[in-house]
Amino acid sequence: MKYAGLASASPALASSFGDWLGDPAKSIRAGEFQLLPLGSVQPKGWLRRQLEIQANGLSGHLDETWPDVGPKSGWLGGTGESWERGPYFLDGLIPLAYLLGDERLKAKAQRFVDWTLKSQTADGMFGPASNNDWWPRMVMLKALAQYQEATADPRVIPMMQRYFKYQLAALPNRPLTSWGRFRWQNFQYKEKMSSARLDQMEKMPGFKDIKLATHGVNNGQAIKTGAIWSRVSGADADRQAVLKMIAELDRYHGLPNGMFSCDEHLAGRSPSQGSELCTVVEYMFSLEQSLAVLGDVSLADRLEKLAFNALPGTMTDDMWAHQYDQQPNQVECSLHKEPWSTNGPESNLYGLEPHFGCCTANFSQGWPKFAANLFMTSAQGAVVAAAYSPCEAQLKLQGTNVHIAEETEYPFRGSIRMTVNPSKPVKFPFLLRVPGWAEGAEILVNGHKENAPKAGTFARVEREWKQGDVVTINFPMQPRVITGFNNSVSVERGPLVFSYSIGQDWLKLRDRGMTADWQVYPSSRWNYALAVDPAAQSQKIAVTEHPLGDRPFAAEGTPTQLQVKAKLLPSWMANEGTAGVVPESPVESAEKEGTISLIPYAAAKLRITSFPRLKESS
Ligand SMILES: [Zn+2]
């Protein structure tokens, strides 16, 4: 727990904590990669437009319309909300403000930062005096670490050091409880993964609380704990715990949008179950942190899958309203009780704070942190292209400034062009991620093909880089058919998941200050079964492309559509506003075969993503 700040990219922060720990044997081990300080990567193209949409939407105005982070917030010295919501808000607002260079947002964030820094008492404690829970302070440390990276404000590190000393002394008498215990305590999660130690697990105080152990957001946050703790323990078992935990969550609760079900507790693999938005953004943060420690391509593949599908798929295109729970098969968003494990009837409405306001405060971190972590460096001095989106990176390598401009419409297109501009010629390895799905990818340097890169690895291009060198990456973008729950099928292309977009009637439930709560009802049929063959080498799915619009994930002018053969399956129906569990495939239908269009998951606010597969007809 006292290592909370160590995930920071700031060398100043990391080294100051290393000194403070004092014991060289316990010094912090380097990860495979190093995160770059906030501001090193600047979003461009569609990604910048997406961040601007966010800044013009709820994220950039939340304090004006939602009292929980408004002028009376406990994190501004008021008597209002004094727990996690202020820190959650800051954790997304700070990177959003600094990545966009938006002075209006910087000023909003600064008020919270200044109050927080000044709130520290002589003993080292900080934050609202009315609430001494450790948990919201962990979140505020995350936010302050980013602020320090962006501004080098000299007040931050000494404040954190005083706090950690205070906390170290206070913890024996006031241990972590509840959320704080589950969200930063590592060993319980590692042990939980080991089936051979069930007897020991049952004696652990945390595991006895099954509600906390199966809580979605707790699991999303816990994915990174093995990676973070391995920097202290050095244990390979801690590193392996990350991939093992993801594999187990996929096996028992995995959904076709890359998430695991959590509505709000783990809920199995049916695509009619939901996933909480907090879990989406916390899973993304866990993947970014774990990728930096492990350097494992699959973590970045998953990060892109969440960023390009589950994250935008659970918000309106203008980012003024979001859901608490999203479903891969989502046929209606209305006040209904089914199918949530423990959530309430508002859970999949689009609105200000459907069901509960945690996601309202917390969702803002998703896009900005994704943008900030597109590039990393390696311990061996390599530049790492970890995830792909249009951006510019400014790095310092062996004392030389290196600027990289990445131009692309990825994930909608498969080609990426990077122009490398060092201030003087400099030799370094460039590690280019080749996703696990990208068999047959090509890499060219100044038009000359490199050796064929292997999918699921980092391709290494080492040379003396000169101004204007161009790296071109071409990823194969043939549609792929993936088999899932009950042998259902879903369709992917590159990192995008595709869905059938159901006709929608949006019905305003009530105004909510600057925004509103919405129900969405289906206005077309949705119960299709697909005529596809998951075993086929190449799929008979036609791809049509259109120019990328101002809202890349909106249904209007979606940049990519797929045409697939399908038949209606009348026996597959909705119950209480929820698609029935997708029938076991293969299925038969007497209906006429036709062609349906699939669009990116995020663009289809009512959608079918997991389809029954038709039995082959001769
Ligand atoms: Zn939430």
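Two strands pair if DSSP finds at least two bridges between them. Helices (H or I, at least four residues) and strands (E, at least two) are themselves DSSP runs, numbered from the N terminus. With that in hand, let's look at a pair: strand E5 (residues 375–378) and strand E6 (residues 383–385) run antiparallel and share three bridges.

A quick word on the model. It is predicted, so local features need pLDDT of at least 70 and side-chain atom pairs count only at pLDDT 80 or more, while totals for chains, interfaces and linings use all residues. Residues are numbered from 1 along each chain as its sequence is written, and side-chain values use heavy atoms, with hydrogens and water left out.

**The sheet**

E5 and E6 belong to an open sheet of five strands, in the order E1-E5-E6-E10-E13, with mixed pairing. At its edges sit strand E1 (33–35) and strand E13 (457–465), each of which pairs on one side only. From one strand to the next, the twist averages 30°.

The angles run from 0 to 180 degrees between N-to-C directions, and axes are lines fitted to C-alpha atoms, for helices over the stretch in contact.

| Helix | Strands touched | Angle |
|---|---|---|
| H16 (residues 277–294) | E1 and E5 | about 140° with E1 |
| H17 (residues 297–313) | E10 (426–434) and E13 | about 60° with E10 |

**Zooming in on Thr-377**

Thr-377 sits in strand E5, opposite Val-383 in E6. Is Thr-377 buried or exposed? Its relative accessible area is 14%, so Thr-377 is buried (buried means under 20%, exposed over 50%, partly exposed in between, with a 1.4 Å probe and protein chains only). Among the residues Thr-377 touches are Phe-33, Val-384 and Leu-395.

**The zinc site**

Which protein donors hold the zinc ion? They are Glu-276 (OE), Cys-278 (SG), Cys-358 (SG) and Cys-359 (SG), at 2.0 to 2.3 Å. Donors here are N, O and S atoms within 2.8 Å of the metal (3.2 Å for Na, K and Ca); water is not among the atoms, so sites may look incomplete. The angles among the four donor atoms are 98 to 123°, making the site tetrahedral (four donors with all angles between 85 and 135 degrees). Cys-278 in helix H16 and Cys-358 in helix H18 (residues 358–362) link distant parts of the chain, 80 residues apart. Both cysteines, Cys-278 and Cys-358, are buried.

Terms used:
Contact = heavy atoms within 4.5 Å. Tetrahedral: all angles 85-135°; square planar, octahedral: opposite > 155°, others 65-115°. Lists of a residue's contacts leave out its neighbours within four places in sequence.
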